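Q: I have a structure open here and would like to go through it with you. Could we start with the ring contacts and then turn to the pockets?

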Amino acid sequence: MRVYKMTLTALMVALAVIFHYVEGFIPVLIAIPGFKLGLANIVGVFVLFYMGPSYYVSVQILRILLVALISTGFGTPFLLALGGGLLSIVGSLLLYKFTKVSIYSVSIVGAFLHVLGQIITYLLIVQTFYMLLYLPILASLSMLAGGLLAYLASLIIKVLPEFNRLTRIRRR
């Protein structure tokens with residue numbers, strides 16, 4: 001069973017990294033510096049609601065590390081992704097575990113927390129508070145993107161069989 005879980009996790013991490021990479025080729029319709037759709041978060045939200053919290057944490061952290069390793073490096077972009085990612089992971093897990101809200105709520109709050117975490121990380125690096133003025137713009141756009149990504153993830157979940165049924169089939 002451990003190999004099966006590791007394989008599923010690796011598959012989801014690879015898919016998230018591919019989405020991150022493909023997003024770089026999509027022309028941005030809104031010319032706001034620092035704003036991205038966050039296509040890789042479709043995988044994150046999907047994994048949380050389809051596979052569960054332990055897979056979610058693994059996939060999100062491994063995705064951030066792998067993207068840094070093969071693409072951005074371990075400088076400021078990595079620190080921003082890690083700061084935003086960790087705050088988003090904690091907030092999403094708390095919402096998921098204790099409130100049982102919808103996929104939309106978790107994704108939208110996660111998007112907001114990701115931006116907030118990135119801005120806090122940036123403030124710690126640069127030590128200027130002017131970036132806080134940018135928070136409402138980035139947060140609004142990110143929350144809209146979070147809602148869109150949740151919709152796409154929910155469509156995928158609807159067409160797939162129950163995950164528990166898949167794991168039972170695999171055990172035989």
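Q: How many aromatic pairs does the structure hold?
A: This is a predicted model, and the structure holds four aromatic pairs. One of them joins Tyr21 and Phe25, whose rings are edge-to-face, with 5.3 Å from centre to centre and 80° between the planes.

Q: Okay, and is Tyr21 buried or exposed?
A: Tyr21 has a relative accessible area of 58%, so it is exposed, because the cut-off for that word is over 50%.

Q: Switching topic, what is the volume of the largest pocket?
A: The largest pocket has a volume of about 1,000 Å³, and it is lined by 46 residues, with Lys36, Gly38, Asn41, His114 and Gln118 lying nearest its centre.

Q: Which helix gives the most to that lining?
A: Helix 5 gives the most, with nine residues, and by class the lining of the largest pocket has 25 nonpolar, 18 polar and three charged residues.

Q: And the second largest pocket, what lines that one?
A: The second largest pocket holds about 270 Å³ of space, and 14 residues line it, with Val28, Leu29, Phe35, Lys36 and Leu37 closest to its centre. Its lining divides into eleven nonpolar, one polar and two charged residues, and helix 6 supplies the largest share, four residues.

Conventions. Residues are numbered from 1 along each chain as its sequence is written. This is a predicted model: local features need pLDDT of at least 70, side-chain atom pairs count only at pLDDT 80 or more; totals for chains, interfaces and linings use all residues. Side-chain values use heavy atoms; hydrogens and water are left out. Rings of Phe, Tyr and Trp (its six-membered ring) pair if their centres lie within 6.5 Å; planes under 30 degrees apart count as stacked, over 60 as edge-to-face and the rest as tilted. Buried means under 20% relative accessible area, exposed over 50%, partly exposed in between (1.4 Å probe, protein chains only). On a 1 Å grid over the protein atoms alone, a cavity is a set of points where a 1.4 Å probe fits but cannot get out, and a pocket is an open set with protein on both sides within 12 Å along at least five of seven lines; lining residues have an atom within 4 Å of a point. Grid points are joined across faces, edges and corners, and a volume is the space filled by probe spheres set on the points. Helices (H or I, at least four residues) and strands (E, at least two) are DSSP runs, numbered from the N terminus. Ala, Val, Leu, Ile, Met, Phe, Trp, Tyr, Cys and Pro count as nonpolar, Asp, Glu, Lys and Arg as charged, and the others, Gly among them, as polar.
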